[in-house]
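Subject: The two-chain model, plus notes

Hi,

Here is the model I said I'd pass on.

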Amino acid sequence: MTMARFPAAVRWLAAMILTQGALAQPPAVVPPRPLPDGQRAALFDLTGYWVSVITEDWRWRMMTANKGDYASVPLNAAGRKLADQFDPALYGGAGYHISQLIDCRAFGAAGLMRMPIRVHISWQDGNDLKLETDRGQQTRHLHFVPDHPYETAEQPVTAQAQLAQGHHGAASAQGYSVAVWEQAYRFDASSFQRGPPANDRGGLGRVAVNMAQPGGDLAVVTGNLTAGWLRRNGVPYGVQTHLVEHYQPFEDPTGGQWFDVTTEVDDPQYLNAPFVTSSDFEKEADGSKWSPHPCRQVVPE
Amino acid sequence: MQVHLRPLHWAAGVIAWLLLAQPAVHAQSMLDGYWNLLLDEDAPEYGAGPEEGDYAGLPVTAASRDVAQSWDPEQLTVPEMQCQPFPSTYGPRAVTIMRVWEDRDPYNNQQTQIETWIAFSAQHRHIYMTPQPEPPPVTPDSWQGYSTGRWVGNVLWVHTDRLKAAFIARNGLPLDDRSTMDERFFRYADVLTDVMMISDPQYLTRPVIESKEYWRAPDGIMEPYPCVPNDETPRPKGVLPMHLPGVVVHDGPLAYGMPLQAAQGGAETMFPEYEDVMQSLPPNPAPKAGHKR
């Protein structure tokens with residue numbers, strides 16, 4: 001029997017399948033390369049000036065809401081009791097709703113991104129993404145773990161949570177934040193049902209492991225926090241709080257750049273359930289609208 | 001050498017193409033399932049609706065305010081309007097559950113549609129995944145509109161138009177039938193976020209951006225939504241409750257200490273610097289008899 005007995009297209013098909021099989025062989029063992037730091041591993045660029053656009057929860061974000069107004073927050077009894085101790089006299093008296101005498105506890109990490117602020121994001125070093133705010137004048141440091149800049153979006157950020165809750169000196173308003181780039185999907189066994197990537201080695205179920213896909217987000221877990229406020233009218237969170245954030249960039253229909261930060265506050269002390277919000281920031285060309293406003297330590301800690 | 005392909009050759013080639021040229025499908029299954037709406041933002045929208053006269057943070061036009069000023073919540077009791085569904089621009093603002101599923105072409109496994117069903121008012125959306133033909137030119141406007149979608153990495157981009165005239169808040173703020181909506185859906189573990197950007201050349205000076213969260217419900221239950229109009233409030237047939245513009249002054253926002261000028265909304269109220277502007281606004285007037293709160 002010779003190959004000539006088969007139609008040309010069948011011979012071509014056989015050759016393609018055989019070639020595909022050959023390409024699907026495990027790659028030769030190569031020495032592991034050091035992973036890039038957080039900056040060089042970045043899935044997208046978050047640096048620059050951004051402004052929070054306040055179209056939701058306006059009277060809880062742009063103003064100080066009425067004392068005792070904790071609508072939407074899953075406060076427990078202890079949390080409500082503490083929130084009811086808010087004293088408007090300390091924050092502007094009769095005009096406290098629009099007073100700019102705002103307690104610094106409202107700018108703690110768990111409430112910060114919900115406040116009406118501009119943020120400036122820059123790299124302090126290759127593994128430290130710095131986030132500064134104009135109002136409240138806060139600085140956060142989002143620490144990447146050396147040699148571990150990536151995680152898959154399907155995995156919980158448990159390891160990062162443990163790192164954030166670890167010993168990092170005295171607790172603070174901004175706590176200690178651990179950051180990781182979450183790649184959208186990696187084609188491994190768990191993504192088998194999603195099908196193989198185009199033009200890649202391997203067939204169904206034999207796709208290349210650890211192949212990054214486009215997209216992704218920045219996950220940040222924060223712990224080691226001092227007590228603070230979820231809202232500027234004294235709605236509290238406690239020292240056991242840990243915060244999980246996901247930063248997702250996107251474009252609007254005109255090509256304008258935005259990021260959305262989805263914030264999950266887990267506080268076993270004052271919340272009955274996680275408190276989940278999302279806030280949207282629009283990119284600005286420069287820092288010309290940067291307007292520092294200090295917060296006030298009205299009540300001594 | 002000239003090659004002549006017979007039908008068998010063509011068939012073999014097609015099979016080979018199907019085997020070897022599988023399209024990338026990215027994250028296309030990540031939204032499937034049941035999702036409970038989270039109620040941790042904009043509490044009034046999930047209850048009785050925002051206060052009449054409270055438009056703060058919304059980039060509304062003067063025409064929009066005029067329409068809202070003439071709106072009367074009694075309209076919701078008119079039988080013809082009792083079962084009116086929420087438009088897709090407002091759909092997630094309900095204490096409800098959403099189901100998401102996908103449709104695939106059985107031959108090439110391409111995702112052809114993503115469908116969503118929100119239990120409250122039985123809101124059923126079809127998101128036609130590109131490439132799809134444009135809708136016929138006579139496609140009527142509908143509450144859910146005509147939606148097309150595409151994946152950009154792990155983010156689902158959706159554009160919706162052909163919407164019926166509706167509302168952007170349940171206090172009378174209108175949306176024109178030329179309004180459009182662009183959405184970005186993304187998911188982290190058990191949390192799904194829908195960023196909604198709503199544009200309206202008639203009633204908005206710039207797009208409104210809102211983002212809604214859902215929590216995965218592994219054991220979700222989709223209840224039916226029967227709606228039967230009743231005569232809740234006796235009134236002569238054909239009467240539509242409304243106010244003449246300027247007759248009623250809504251001062252409900254006073255209860256929150258909100259400057260009435262801020263409550264009028266406008267794009268400037270969307271940005272942090274409006275905190276500074278509020279310091280110099282005239283004081284609120286004392287409520288007068290006849291004002292609606």
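Residues are numbered from 1 along each chain as its sequence is written, and chains are lettered from A and ligands numbered from 1 in the order in which they are written.

**Confidence**

The model scores ipTM 0.88 and pTM 0.85. Chain B averages a pLDDT of 86, and 87% of its residues score at least 70. Over residues 12-28 of chain B, though, the pLDDT is below 50, and this stretch has 28 contacts in the model beyond near neighbours in sequence. A contact here means two C-beta atoms, placed from the backbone, within 7 Å. Where pLDDT is low, the predicted coordinates should not be read in detail.

**Chain B**

Nine strands make a closed barrel in chain B, in the order E1-E2-E3-E4-E5-E6-E9-E10-E11, with mixed pairing. (Two strands pair if DSSP finds at least two bridges between them.) On average, neighbouring strands of this sheet are turned by 30° against each other, direction ignored.

One antiparallel pair is strand E3 (residues 111-118) of chain B with strand E4 (residues 123-129) of chain B, joined by six bridges. There, B:Thr116 sits opposite B:Arg125.

Strand E9 (residues 180-188) of chain B is mostly covered, with eight of its nine residues buried. Buried means 20 or more other C-beta atoms within 10 Å of the residue's own, exposed means 12 or fewer, and partly exposed is in between, with C-beta atoms placed from the backbone. E9(B) pairs antiparallel with strand E6 (residues 155-161) of chain B over five bridges, where B:Trp157 faces B:Arg184. It also pairs antiparallel with strand E10 (residues 191-199) of chain B, over nine bridges. B:Tyr188 and B:Val191 are bridge partners in that pairing, and two residues lie between the strands of the hairpin, where B:Ala189 in the turn has a positive phi of about 50°.

Then there is B:Phe167, in strand E7 (residues 166-167) of chain B. Why is B:Phe167 classed as partly exposed? Because 19 other C-beta atoms lie within 10 Å. Its contacts beyond four places in sequence include B:Tyr90 and B:Pro174. B:Tyr90 is 77 residues away in sequence, but 7.8 Å away C-alpha to C-alpha.

**Chain A**

Chain A has five helices and 12 strands, and 45% of its 301 residues count as buried. Among its contacts between residues at least 6 apart in sequence, 70% join residues at least 24 apart.

Strand E10 (residues 242-251) of chain A has nine of its 10 residues buried. Strand E7 (residues 217-223) of chain A runs antiparallel to E10(A), with five bridges, and A:Ala219 stands opposite A:His246. E10(A) also pairs antiparallel with strand E11 (residues 257-266) of chain A over 10 bridges, with A:Glu251 opposite A:Gln257. Five residues separate the strands of that hairpin, and A:Gly255 takes a positive phi near 90°.

Cheers

Methods
This is a predicted model: local features need pLDDT of at least 70, side-chain atom pairs count only at pLDDT 80 or more; totals for chains, interfaces and linings use all residues. Helices (H or I, at least four residues) and strands (E, at least two) are DSSP runs, numbered from the N terminus. Axes are lines fitted to C-alpha atoms, for helices over the stretch in contact, and angles run from 0 to 180 degrees between N-to-C directions. pLDDT is the predictor's confidence in each residue, from 0 to 100.
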